[in-house]
Amino acid sequence: MIRFAFAGRCSTEDLQDPEASRNWQLTRAQALIEPAGGHIITEYFDIGHSRSLPWQRRPRANELLQALRDPNRGFDAVVIGEPQRAFYGNQFGNTFPVFVHFRIPLWVPEVGGPIDPDNEAHDLVMSVFGGMSKGERNRIKIRVRTAMSSQVQLQGRYLGGRPPYGYRITDAGPHPNPAKAATGQRIHTLQPDPVAAPVVQQIFTMYVDGMSDKAIAAQLTRDGIPCPSAHDPARNPHRAKTAWQQGTVRAILINPRYTGYEVWNKQRKEERLLDIDDVTLGHRTTMTHNPAQEWIRSNEPAHEAIISNDLFDTAQTVRRQRARTHGRQERAGKQGALPYALRGRVRCTLCGRKMQPATIRNRVYYRCEFKDQEQALYPGLTHPRTVYLREDVLCHALDPWIARAFAPERLTATIEALTHASAAASTAETRTPEQAQARQAIKDCERRLARYQAALEAGADPAVVTQWINEAQRDKEATRKKLDALPAVTRKKQSPLDAQQIREITERLGDIAQRIHAADTETKGPLYEALGITISYEHAKKTATVRSRPSSAYRQWLCPRGDLNPHAR
């Protein structure tokens, strides 16, 4: 008796019955092996996984591949009931060598028994079935998309999915297909929600009257109007139900379904290679937004409209005009942007946002504006409308703090640190080609690890991804050992500044604090950046906390009025 493992697959995307699919594939497999005294003792049947996924990414198929490595696997051969279900494209050519390596015969009904690895006809037949499987999947996809497109465009059919805010789903009668109608299936359509539909009308009116997306969201939240996820929590369990968001308002304003016409193809499934360095791993399917010109609209109204076509067109015109104006303002701002010494380095401790620089009456300020409509995004936060911090007042305390490193009691330690830094900077490292290749290989392994982590987060099989990660880790460690075994890098010595030279330069500079304070913005900005200066401003106490990452020991509390806090650290 020959002990067999049965391998199969069925997809649930086209409403296949997993039990019925398994039964007929198993029946075909048994009919093939029973005359030869075969008996199936174990099964590896995948349910709900696309045929386009390689075997390594199908859970049960991957278990079968791992079982081939086990000498105590318990079976002598593998039988497949339907090759078009098992193999897609060139998957047979990438998988069958594993069976040959471990000397496990692979039985297929289409060749009448086990596949002969030396038989060109067998290889050709299996390659043809892989191509047919790929072609069948593509034909099904084309037929389904074409049918859905015509149903929307010609019939205005609602094809399912989450109804847009302002509508609810209602029954539209029996299914037009007699066979489906006989089983009780019915079609549906959209009907205005008596509670939410007026809110949609209000949103369009406010936008045309001049309010922005963010302002509308804040106004709706202040008025106590539940946001879409709070209005229908049963259909939105994955979303926050606290307040209206700017993106939600924008999605409503650009949705043409509120005019009564059905719209489809706003999104599509896009297949992207999981690993561009190993195409055999297949693709990862992601949802991607289509441009508006690719949307499919019904020729005639399909459901009751909430807003008129004129109001919708006016809103779109306003949006385009605002986008052009905003673009011009951004370009003008970039062309005339003034340099600010502490740009991007000052944060407001109340909301955690960066304070934006601005020149007001010839003085530079960093300010945090908290408009009324932003209250919805930070519920319960007490924040003044505008928090100001003058740059000159801040620098008046900051520059002497930096210069304290050159105070007499610290000058020796500072010069010693600068001497070491000068010596390190003057050493130019040269690498051999072998060392450069090894370092590049380590970087490639790190990129692989990052891609595999992304695949894991995207929903790939954890067991499979773990194997990839382990392989990448092994490659990385092997390359690192190879790099460590290479001769040490050679260093080309230049002339660093010694302690006496640094001391002489320091003495010629004189008052360091005054030098920093008198420097122009183009000079001070890089200095603050090199020191890793970051500032947190606490408005209630009128206190700024200055941190310098390169020298964590120098960390003090500074008062923006210019006096050092007595509890400085």
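Two strands pair if DSSP finds at least two bridges between them. Helices (H or I, at least four residues) and strands (E, at least two) are DSSP runs, numbered from the N terminus.

This is a predicted model, in which local features need pLDDT of at least 70, side-chain atom pairs count only at pLDDT 80 or more, and totals for chains, interfaces and linings use all residues. Residues are numbered from 1 along each chain as its sequence is written, and side-chain values use heavy atoms, with hydrogens and water left out.

## Overall

The protein contains 18 helices and 20 strands. Of its 569 residues, 37% count as buried, where buried means under 20% relative accessible area, exposed over 50%, and partly exposed in between (1.4 Å probe, protein chains only). A contact is a case of heavy atoms within 4.5 Å. Among contacts between residues at least 6 apart in sequence, 64% join residues at least 24 apart.

Strand 18 covers residues 533–538. One face of strand 18 is covered and holds Ile533, Ile535 and Tyr537; the other, with Thr534, Ser536 and Glu538, is uncovered. Strand 12 (residues 346–348) runs parallel to strand 18 and is joined to it by three bridges. Val346 has Ile535 in strand 18 as its bridge partner.

Strand 19 (residues 543–548) runs antiparallel to strand 18, with six bridges between the two. Here Glu538 has Thr543 as its bridge partner. The hairpin of strand 18 and strand 19 has four residues between the strands, and in it Lys542 takes a positive phi near 55 degrees.

| Strand pair | Direction | Bridges |
|---|---|---|
| Strand 1 and strand 2 | parallel | nine |
| Strand 12 and strand 18 | parallel | three |
| Strand 14 and strand 15 | antiparallel | five |
| Strand 18 and strand 19 | antiparallel | six |

An open sheet of five strands has the order 2-1-3-4-5, with mixed pairing. Strand 2 (38–47) and strand 5 (113–114) are at the edges with a single partner strand each, so one side of each is left without a neighbour in the sheet. Strand 1 spans residues 2–10, and its Ile2 has Gly38 in strand 2 as bridge partner.

Two helices are described against this sheet. Angles run from 0 to 180 degrees between N-to-C directions, and axes are lines fitted to C-alpha atoms, for helices over the stretch in contact. Helix 1 (residues 18–33) lies across strand 1, strand 2, strand 3 (77–80), strand 4 (106–108) and strand 5, at about 150 degrees to strand 2. Helix 2 (residues 59–68) packs on the sheet and touches strand 1, strand 2 and strand 3, its direction making about 135 degrees with that of strand 2.

## The cavity

On a 1 Å grid over the protein atoms alone, a cavity is a set of points where a 1.4 Å probe fits but cannot get out, and lining residues have an atom within 4 Å of a point. The largest cavity has a volume of about 70 Å³, a volume being the space filled by probe spheres set on the points. Its lining is made up of Ala7, Gly8, Arg9, Tyr44, Asp46, Trp55, Arg58, Ala61 and Ala86. Strand 1 gives the most to this lining, with three residues, and strand 1 and strand 2 each supply at least two.

Another open sheet has three strands in the order 13-14-15, paired antiparallel. Its edge strands, strand 13 (356–360) and strand 15 (386–390), each pair on one side only. The twist averages 35 degrees from one strand to the next. In strand 14 (residues 363–369), Glu369 stands opposite Thr386 of strand 15. Helix 12 (residues 391–403) packs on the sheet, touching strand 14 and strand 15, and its direction makes about 50 degrees with that of strand 15.

## Two single residues

Gln191 lies in strand 7 (residues 186–192) and is partly exposed, with a relative accessible area of 32%. Leaving aside neighbours within four places in sequence, Gln191 is in contact with Gly166, Tyr167, Arg168 and Thr170. Gln191 and Gly166 are 25 residues apart in sequence and 8.5 Å apart in space, C-alpha to C-alpha.

Leu311, in helix 11 (residues 309–335), is partly exposed, with a relative accessible area of 23%. Not counting residues up to four places away in sequence, Leu311 touches Phe204 and Val208.

Conventions: 1 Å grid on protein atoms, 1.4 Å probe; cavity = no way out; pocket = protein on both sides within 12 Å on 5 of 7 lines; lining within 4 Å.
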